[in-house]
Amino acid sequence: MKEYVIEFKPSGRRVACCAGTTILSCCHENKIPIVSTCGGQGKCHSCRVRIEKGILTAPTRNELKRLSNSELERGWRLACQAKPAGDLIVYQPAEDNLASTPAFKEELIVKIIPDAGGRRPRKGY
């Protein structure tokens, strides 16, 4: 099977990734930490990465739902959906910066609101 080299920025780490393997799976196989709130199902934005150089498979239906046209044009993709079709340079946002991204905030809201059960929280929380 064909292998491609993925270089992750800002760490500079370079790893081999088999064709047909998602960037997220490649990260897991090579012990590169990456947030994946939905478990790699393409239902959130938490594994969002920016492709700085290289060729990928076409965006999946899940990516077209989760990412705006502007984000796709600027190279943003979901690591759980995107598969390399050549060597890549991938910018991976730092985990501590993820909390400031709109996608991560949206995911937090989705997680918190159902727990409230429509009731106002008691004082002291």
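Contact is taken here to mean heavy atoms within 4.5 Å. The structure is a predicted model, in which local features need pLDDT of at least 70 and side-chain atom pairs count only at pLDDT 80 or more, while totals for chains, interfaces and linings use all residues. Residues are numbered from 1 along each chain as its sequence is written, and side-chain values use heavy atoms, with hydrogens and water left out.

T21 is found in the loop between β2 (13–18) and α1 (23–29), helices (H or I, at least four residues) and strands (E, at least two) being DSSP runs numbered from the N terminus. With a relative accessibility of 14%, T21 counts as buried, a term that means under 20% relative accessible area, whereas exposed means over 50% and partly exposed lies in between (1.4 Å probe, protein chains only). Residues up to four places away in sequence not counted, T21 touches C26, E29, A82, K83 and P84.

The largest nonpolar core, in which I6, F8, I23 and V90 have the most contacts, holds 22 residues; such a core is a set of buried Ala, Val, Leu, Ile, Met, Phe, Trp, Tyr and Cys residues joined through side-chain atoms within 4.5 Å. Two or more residues come from each of β1 (3–9), β2, α1, β3 (48–56) and β5 (84–91), and α1 gives the most, with four residues. Again leaving out residues up to four places away in sequence, I23 touches I6, F8, I51, L56, A79, A82, L88 and V90.

N62, which lies in helix α2 (residues 61–66), is partly exposed at a relative accessible area of 22%. Beyond its neighbours within four places in sequence, N62 is in contact with Q41, G42, L78 and Q81.
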